[in-house]
Structure formats: structure tokens, C-alpha cells
Amino acid sequence: SATVPILFVTTPGADPSQELEEFAKQFGSEVSYNMTFHQMAMGGGNNNDALKLIQDAAKVGDWVCLKNLHLVISWVPLLEKEIKNLQPNDNFRCWLTTEPHAKFPPILLESSLKVTYEAPPGVKKNLLRTLESWNPTWFSSGSELRSQVMFVAAHFHAIMQERRTYIPQGWTKFYEFSQSDLQSTCETVSLLVSAGEKQGSSGAGIDWTTLIGVLELAIYGSRVD
């Protein structure tokens, strides 16, 4: 309901915000309601901005997602009081995410609808979860090559996450590869496939060298020591 926040307790590297955004878009279109989904990552000194965002969204019935509350534990009681004192529009929803923390305020825990969110174990389950979360219309839009490379990207992402299970053989430490990384990869794939198609028959396909370079040097590889 509008007065009960939904708290996602996540494992490191698991981020439900992208799926929430897709759900918000789908929900808004189904009920023909002009609702905006706002999200803000905490931990950058933006506590006051987050409170104002909640206040403004509650008035008009927008949805808000505040991420990484475990980074601002001392501020969470103020957030709890703000949510408690709201008189929100019936369409307002407040989504919160946090990793487990021993000092997380129990009052907010007790007053929230709690959901555990973690990367599914195993490459197959991880891949299936990604494919199920993708909008079929979005996945099938564009060329067959685009869909094929998107599938490869999802498989690659699942492997990158699964290797964290086998530290120190898979990785030397736990790297927080998240859905945001997969989203960036998919956006890169779309751009490269589109660029290849615009070049016509002489440049049909995808620039694999560029794609591998972006993955290795920016999206995934930049985090690996």
C-alpha cells in the first residue's frame, strides 16, 4: 500500500532497480496511469534530496526507489519518521534496498514489507531469470543478430556472476557485477548492431573487437584487479 514501504534485502551485486523500473513502466501502461518512477542511490551526501524526493512523489502518486540504505545507516531513522508522517496519494509506492547490516533500525524492518533479492544460483537459473525479466517485444525488436548477441550477453553475465561462487579460483575476491552492467552491455550491443546495419552489406554484422574492448576495459574489466 501507499503507507507501507517495500524493503528489498539484497546480496552484494544484486540490484532489483532495473526490474522495478520495467515493472513500473508496465504497470503504468496497463492501468493507464501517468506515473513516474524515481530512483536514487544513497551514500553520496544526498540524504536531504532523498527526503524531498519522497515528499514530492507522495503528493502526486509517483514511485520512489532509494538504493543502498546500508551505506547511510545512521540516517535511516530519519527516513523511517518521514515515511511514517506522510499522507500519500493512494498510488504512491516507496521501494527501498539494503544489504544485510547488523545495525539496521528494527522499526523500519518491522514496518516494511520485506523481500529477499539475490542472484539465483547456477548459470542456467541466472540466465533464465534474465530472459524472463526481459520484455519479449524489446528482445525481439531489431534484427535476429541483435537478439542472438543479447542472449550471448546474458549468458556471459551469468558466468561472470557465477564465478563469484568459486573464490579464489573463479575470482580473487567478490566483484559486484549487477543488472546495471548487463543493461550497459545490452545498450552497447544495440548501438553496435545498429551501426553495422547502417554500413550496409559491406559492414554487416557487429564490431566484435569494440564490444569485447568495452566489456574488458569498461563495463566488467574495470572492476577486476
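A cavity, as the word is used here, is a set of points on a 1 Å grid over the protein atoms alone where a 1.4 Å probe fits but cannot get out. In this predicted model, the count by that rule comes to one cavity of 30 Å³ or more, and the largest cavity has a volume of about 100 Å³. Its lining is made up of 15 residues, among which Tyr-117, Pro-120, Arg-129, Gln-161 and Gln-179 are the closest to the cavity centre.

The chain itself is divided into two domains, with domain 1 covering 6-117 and domain 2 covering 123-223.

| Property of domain 1 and domain 2 | Value |
|---|---|
| Distance between C-alpha centres | 28 Å |
| Area buried between them | about 790 Å² |
| Share of that area on carbon and sulfur atoms | 43% |

At the interface, seven residues of domain 1 are in contact with 11 residues of domain 2. Between the two domains the count of salt bridges is zero, although the side of domain 1 that touches domain 2 holds three charged residues, along with two polar and two nonpolar ones. Across this interface one residue pair is found in polar contact, with both residues at pLDDT 80 or more.

Terms used
Residues are numbered from 1 along each chain as its sequence is written. This is a predicted model: local features need pLDDT of at least 70, side-chain atom pairs count only at pLDDT 80 or more; totals for chains, interfaces and linings use all residues. Side-chain values use heavy atoms; hydrogens and water are left out. Domain bounds come from an automatic or database domain assignment. Contact means heavy atoms within 4.5 Å. Buried area is the accessible area (1.4 Å probe) that two parts lose on being put together, summed over both. A salt bridge is a side-chain nitrogen of Lys or Arg within 4 Å of a carboxyl oxygen of Asp or Glu. A polar contact is a pair of N or O atoms within 3.5 Å; within protein, one must be able to donate a hydrogen and the other to accept it, and residues adjacent in sequence count only if both atoms are side-chain atoms. Ala, Val, Leu, Ile, Met, Phe, Trp, Tyr, Cys and Pro count as nonpolar, Asp, Glu, Lys and Arg as charged, and the others, Gly among them, as polar. On a 1 Å grid over the protein atoms alone, a cavity is a set of points where a 1.4 Å probe fits but cannot get out, and a pocket is an open set with protein on both sides within 12 Å along at least five of seven lines; lining residues have an atom within 4 Å of a point. Grid points are joined across faces, edges and corners, and a volume is the space filled by probe spheres set on the points.
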